[in-house]
Amino acid sequence: MVCYRLVSFLLLLSSLLYSTLMSAVDPGRFKFERMSTENGLPSNTIMSIVQDREGFLWVGTYNGVCRFDGYRFKSVFPSSAKNTTPRSNQVSSMLADDSGRIWVGMIDGLYRYCPEMGDLVPHSLSEQSGSLLHYSITVLYQTRDGMLWIGTPRGLNRLDPDRGTLKLFRNERT
């Protein structure tokens, strides 16, 4: 009998809390709108989204990168696309790092947004650091110490963005 009363009391209490919380949520507060190529996206297939320090949303798609200011999309292209045809504009991963840089991993390499030029520049590495294990970037991640981890099909790469040094961690198959 005591157990029945305890269960009844807990159910009553949880339903009161639930109804109180739900009444506090304003259903008109959130508005969802579907965005597409008709609104300026380079592609309807979105691969990655990040937000920078200034509040802009960076959207990586199957056909390039664009920046959304809350009203319109502005496409951003690799600097090589101005003179030659890039192998691909397909974005696989993006990262807004702690220093405010926007990194873009594409299936043909690592790029960084250059605000002065207004486009994406291929990230160059110092000669002593070597090159990435594979040109296709699958994931980007920054650790607390500022290191940028770059995942590829052949393993991990750890980049110190300030020094330009790269350490390779190969995927050893057993």
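Begin by selecting Trp58, Val65, Met94, Val104, Met106 and Leu120, the residues with the most contacts inside the largest nonpolar core, which has 13 residues; such a core is a set of buried Ala, Val, Leu, Ile, Met, Phe, Trp, Tyr and Cys residues joined through side-chain atoms within 4.5 Å, buried being under 20% relative accessible area with a 1.4 Å probe and protein chains only. Strands S5, S6 and S7 each supply at least two residues of this core, and S6 gives the most, with three residues. The model is predicted, so that local features need pLDDT of at least 70 and side-chain atom pairs pLDDT 80 or more, while totals for chains, interfaces and linings use all residues. Residues are numbered from 1 along each chain, and side-chain values use heavy atoms, without hydrogens and water.

Next, colour the open sheet of four strands, ordered S5-S6-S7-S8 with antiparallel pairing; strands are DSSP runs of E, at least two residues, numbered from the N terminus, and two of them pair if DSSP finds at least two bridges between them. Strands S5 (91-96) and S8 (119-122) each have a single partner strand, so one side of each is left without a neighbour in the sheet. Within the sheet, four bridges join S6 (residues 102-106) to S7 (residues 109-114), and valine 104 has tyrosine 111 as its bridge partner in S7.

Then move to serine 48 in strand S1 (residues 46-51), which counts as buried at 12% relative accessibility.

How values were computed: Buried means under 20% relative accessible area, exposed over 50%, partly exposed in between (1.4 Å probe, protein chains only).
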